[in-house]
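Please look at how the charged side chains pair up in the model below. The text then goes through some of these pairs in turn.

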Amino acid sequence: MVIKDPKGRGASGNPSNRFERLHVEPDYEALLTDDVGDRIDTTYLAVSSKSILTKNDSPDMGFRYSVNPYSGCTHGCSYCYARPYHEYWGMSAGLDFETKILVKKEAAKLLRTSLDKPSYEPDIIAMSGVTDCYQPGEKQFELTRQCLNVLAEYRNPVGIITKNRLVTRDIDILAEMAAWGGACVYMSITTLDPVLSGKLEPGASRPQARLDAITALAAAGIPVGVNAAPMIPGLTDAELPAIIKASADAGATFAGYSVVRLPGAVHGIFEGWLEKNAPDSTSKVMNKIREVHGGKVSDSRFGTRMKGEGEYAGQLRGLFNAACRRAAITGGSPRLCSDQFRRPPRGQLDLFG
């Protein structure tokens with residue numbers, strides 16, 4: 001399926017895939033435009049997967065399992081740490097990541113199979129552990145909604161993180177799950193500036209739409225919070241208190257944050273975005289990012305990769321804590337319930353199991 005995307009792209013090209021020897025680069029100058037990505041339609045490719053449930057061993061992620069119905073993301077965030085995952089599919093972390101979306105059409109069936117296994121231990125399942133499960137393609141494919149229906153049937157708790165107001169479409173399922181302590185939603189907000197957001201994360205909902213989604217979710221009784229992420233030193237970090245306050249005013253009751261990290265090809269993509277959109281700030285921002293990550297642009301170490309380290313990281317942590325206190329909002333996620341997990345009967349004999 002090919003869909004035209006009018007919102008633009010975050011990357012300006014396709015950096016080389018680290019796993020591929022051959023790299024083909026289109027003649028962008030021949031296209032007579034600086035915004036070549038805006039002229040590339042989004043292609044959705046159906047892929048077969050053996051499983052959909054991924055086990056997480058990182059202690060700083062807050063969940064053990066995650067489900068990602070899509071690989072690649074049309075939100076096109078130039079800073080997205082998930083971009084390098086596309087290289088494992090033989091594609092680029094650049095424009096390929098946001099224009100060639102892999103669709104796992106059997107996601108709900110695979111999820112059901114995983115939950116039916118005797119070895120599965122009931123726990124919170126995160127949706128959007130890598131790419132956003134409510135990216136625009138979800139309108140057509142509804143894979144996230146199908147997975148939520150399975151989780152509701154099994155009474156398995158779910159935690160969602162998204163930057164798209166499309167999550168409000170599934171308020172009916174999420175409210176049902178929230179009634180027994182089985183659902184919460186983090187709305188990710190990087191900036192409150194709609195112009196900056198439109199350039200930085202072109203395919204995502206604008207900040208006010210995300211705040212409106214927080215209000216709608218809270219009104220339905222669904223625990224909802226804000227993830228001020230990623231904070232970009234020298235670009236969006238000063239907005240942290242305002243993001244927390246605006247989210248609390250909208251109905252958020254808990255919050256989190258993280259600092260930007262630029263693994264692999266993301267470094268070049270994001271720096272290229274800075275040079276195009278904020279050239280006077282490029283050096284300042286990149287130096288601050290390196291300061292937070294011990295002289296590098298990324299850090300893969302558990303415990304430090306999400307928040308950074310050093311003086312600046314400590315200042316940002318203090319700013320977050322103070323903002324939460326002023327807004328009367330809690331740092332951290334609500335406790336979800338996994339003791340109501342059940343495997344639905346599949347036949348008459350199962351009724352007597």
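The count of salt bridges comes to 15, a salt bridge being a side-chain nitrogen of Lys or Arg within 4 Å of a carboxyl oxygen of Asp or Glu. This is a predicted model, in which local features need pLDDT of at least 70, side-chain atom pairs count only at pLDDT 80 or more, and totals for chains, interfaces and linings use all residues. Residues are numbered from 1 along each chain as its sequence is written, and side-chain values use heavy atoms, with hydrogens and water left out.

One of the salt bridges joins glutamate 98 and arginine 83, at 2.7 Å from N to O. Because glutamate 98 lies in helix H1 and arginine 83 in the loop between S5 and H1, the pair ties together parts that are 15 residues apart in sequence. Helices (H or I, at least four residues) and strands (E, at least two) are DSSP runs, numbered from the N terminus. Glutamate 98 is buried, at 0% relative accessible area, and arginine 83 is buried at 0%; buried means under 20%, exposed over 50%, and partly exposed in between (1.4 Å probe, protein chains only).

Another salt bridge has glutamate 153 and arginine 112, with the closest N and O atoms 2.9 Å apart. This pair links helix H4 (residues 143–154), which holds glutamate 153, to helix H2 (residues 107–116), which holds arginine 112, 41 residues apart. Glutamate 153 is partly exposed at 27%, and arginine 112 is partly exposed at 26%.

Aspartate 170 pairs with arginine 145 at 2.7 Å between the closest N and O atoms. A network of salt bridges links Glu138, Arg145, Arg169, Asp170 and Asp172.
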